[in-house]
Amino acid sequence: EGWRAWQQLLALMGPAFTKPSMLLFTELITAWVVLPGRHTITRLWQSMSEGRRVHDAYHRFVREGRWQPRALWSRLARELAQRFGAVGDLFLDLDDTLFHKTGRKISGAGFFRDAVRSTRNKTVFAWGLNLVVLTLRVQPPWGGEPLGLPINLRLHRKNDPKSLLDLAEEMVREVAGWFPGRTLRLSADGFYAPLAGRHLPNTHITSRMRRDAALYDPPAPRRPGQRGRPAKKGPRLPALAQIAAEVPNWLRASVDIRGRTRQCLGC
């Protein structure tokens, strides 16, 4: 029964591949799920008992195989949303992570800040791939902390004109296009708080800001024939403490933090 369900899931991803690449993908991803330990292509190839192709075929598929990553993410996201959140809002989480990958010839690899090993007083840099990941938040039936199931991903390269915020905006806009009738409730850390000013469609953003953060209105539209550099921001808004003081009725709200419900002030 489990094997049949696995085959049905893989069949949903078929349109993102050509027929030859789908066969290689099926063999690799199945070996990846079954095999414990490091998931190198060589170890995956060695674990395949029957019907495996020559070793170079799998390396060539990963390096230059013909498939469409965005189409794959789209079909995976729709399937996960149907199974774990068919109605109502979709709860998403966004963050970037460093995937440790050795080798000077790894495409896109570089030295990036390692958030796991860094502390408040020490910043650690490591070699790897800087990935921006968007996940669908799912509450497991056995309870505990919610799970984050990846539904979109971008690779951030050194000296790339697109920043982490730009890549995050691309992903959220894509997901909003996949679910035009659904509201996205996106949570992210303070680095991604500026996404609130990018007018993402059907998206509510929950993040954090410093209490002394300087907030500004959007810049006014340029007048016809206006000279000079375009303004990047409008008039400055009041301080956050002043804005909070003007809210008349604060209420306590129940918030799920890492699987535990806590009472926080909300409006």
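Predicted model: local features only at pLDDT ≥ 70, side-chain atom pairs only at ≥ 80, totals over all residues.
Residues are numbered from 1 along each chain as its sequence is written, and side-chain values use heavy atoms, with hydrogens and water left out.

Helices (H or I, at least four residues) and strands (E, at least two) are DSSP runs numbered from the N terminus. Two packed helices are described by the angle between their axes and the distance between the axes. Axes are lines fitted to C-alpha atoms, for helices over the stretch in contact, and angles run from 0 to 180 degrees between N-to-C directions.

Helix α1 (residues 2-12) packs on helix α2 (residues 19-34) at about 135 degrees, the axes being 11 Å apart. This makes α1 oblique to α2; angles under 35 degrees count as roughly parallel, over 145 as roughly antiparallel, 65 to 115 as roughly perpendicular and the rest as oblique. In the contact (heavy atoms within 4.5 Å), W3, W6 and L10 of α1 meet M22, F25, T26, I29, T30 and V33 of α2. The residues involved comprise 7 nonpolar, 2 polar and no charged, where Ala, Val, Leu, Ile, Met, Phe, Trp, Tyr, Cys and Pro count as nonpolar, Asp, Glu, Lys and Arg as charged, and the others, Gly among them, as polar.

For helix α5 (residues 69-84) and helix α6 (residues 164-178), the axes come within 11 Å and cross at roughly 55 degrees. The two helices, α5 and α6, are therefore oblique to each other. On the α5 side, R70, W73, S74, A77 and R78 meet E170, E174 and W178 of α6. By class, this contact of α5 with α6 has 3 nonpolar, 1 polar and 4 charged residues.

Helix α6 is mostly covered, with 11 of its 15 residues buried (under 20% relative accessible area; exposed is over 50% and partly exposed in between, with a 1.4 Å probe and protein chains only). Among the buried residues of α6 are L164, E169, E174 and W178. The buried residues of α6 pack against α5 and against strands β1 (90-100), β3 (125-138), β4 (147-156), β5 (184-188) and β6 (203-206).

Residue N130 lies in strand β3 and is buried, at a relative accessible area of 7%. With neighbours within four places in sequence left aside, N130 contacts D96, T97, L98, F112, R154, L155, H156 and L164.
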